Amino acid sequence: MFKSFWGSQEQEAQPRPQEIPTDSWYPPSVLGSQNSSRPGTPNSSSSSSFTARPGDRPQSLSPVSPAEAASIIVYLKDKSVDELRRLLADKDAYHQLLLSLDMVRTQNHVRDELKNETLQLARNNLEKESYLMELQNQCRIIRTTELATAQEKLNELERQKAEIMKFYSPASLLHQIQVDLNNIEEESETLHKQLLYKECDLPVFVQKYKKLRNTYHKRSLMHLAAKTSLIG
């Protein structure tokens, strides 16, 4: 990243490794990356002294896009060697430079907006807390009074529905027709006995008996049709 800058300055003064402050607050990975970015010299001993130690090399580096690298170079290309060394040694100076970057300002702006929105949502929720508590109390009252009454009424209607469906089921209707047939048969037998014991006149007997037998055969045909329909 600093190659163009260091290339223009190497004729004026070639920095030596011992000139880098030993009390720099930067992590070894940053120092290693700064040292490795400087061009080497024909002096083999000098170039080897800039090699980072194995313990100082980072395990993994985050990739930097060309646009981000270019924006950083814009801020650093006009700085002198002393200013760059000061950035390596002075945490406050580095922090001020970091805050002056456009990408950092954008991130801080977005962070502040998110923080303000979160705080506003929290305030709104706190303002509605009493209202929500009141709604919970009302729901609890409704659940224990009106809802309980409505549930009891619903259970009664369900029971009535089950009884009606059972009464009008095909099997129940067949059974009811059969009971009616048995009752008509018993009534016919009773009327016949009344005639035999002369408890009933013949014209009255004929009229009643004819009516009973007519009803009996109608119900019998109905029973047979319903039973055949169920079987089919």
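Colleague: Which residue forms a salt bridge with Arg213, and how far apart are the closest N and O atoms?

Modeller: A salt bridge is a Lys or Arg side-chain nitrogen within 4 Å of a carboxyl oxygen of Asp or Glu. Arg213 forms one with Glu185, and the closest N and O atoms are 3.2 Å apart. This pair links distant parts of the chain, with Arg213 in helix 11 and Glu185 in helix 10, 28 residues apart. Helices are DSSP runs of H or I of at least four residues, numbered from the N terminus.

Colleague: On what kind of model does this reading rest?

Modeller: It is a predicted model, in which local features need pLDDT of at least 70 and side-chain atom pairs count only at pLDDT 80 or more, while totals for chains, interfaces and linings use all residues. Residues are numbered from 1 along each chain as its sequence is written, and side-chain values use heavy atoms, with hydrogens and water left out.

Colleague: How many salt bridges does a search of the whole structure find?

Modeller: The search of the whole structure finds seven. One of them joins the side chains of Arg219 and Asp180, at 3.1 Å from N to O. This pair also links distant parts of the chain: Arg219 lies in helix 11 and Asp180 in helix 10 (residues 170–196), 39 residues apart. Arg219 counts as partly exposed because its relative accessibility is 29%. Asp90 forms a salt bridge with Arg86, where the closest N and O atoms are 3.6 Å apart. With a relative accessible area of 25%, Asp90 is partly exposed.

Colleague: Which residues of helix 11 are buried, and against which helix do they pack?

Modeller: Phe205, Leu212, Arg213 and His223 are buried in helix 11. The buried residues of this helix pack against helix 10.

Colleague: With which residues is His223 in contact, leaving aside its neighbours within four places in sequence?

Modeller: Contact means heavy atoms within 4.5 Å. His223, found in helix 11 (residues 202–231), is in contact with Leu174, Ile177, Gln178 and Leu181 once neighbours within four places in sequence are left aside. His223 is buried because its relative accessible area is 15%.

Colleague: Which contacts does Phe205 have on the same terms?

Modeller: Phe205 is likewise found in helix 11. Leaving aside neighbours within four places in sequence, Phe205 is in contact with Leu191, His192, Leu195, Cys200 and Lys210. Its relative accessible area is 10%, so Phe205 is buried. The C-alpha atoms of Phe205 and Ser188 are separated by 9.7 Å, the two residues being 17 residues apart along the chain. As a further case, Phe167 is found in helix 9 (residues 146–167). Phe167 counts as partly exposed because its relative accessibility is 44%.

Colleague: What span should the 30 residues of helix 11 have, and how far apart are its end C-alpha atoms?

Modeller: The expected span of a helix is 1.5 Å times one less than its number of residues. The 30 residues of helix 11 should therefore span 44 Å, and its end C-alpha atoms are 43 Å apart, which agrees.

Methods. Helix = DSSP H or I, 4+ residues; strand = E, 2+ residues; numbered from the N terminus. Buried < 20%, exposed > 50% of the residue type's maximum accessible area, 1.4 Å probe, protein only.
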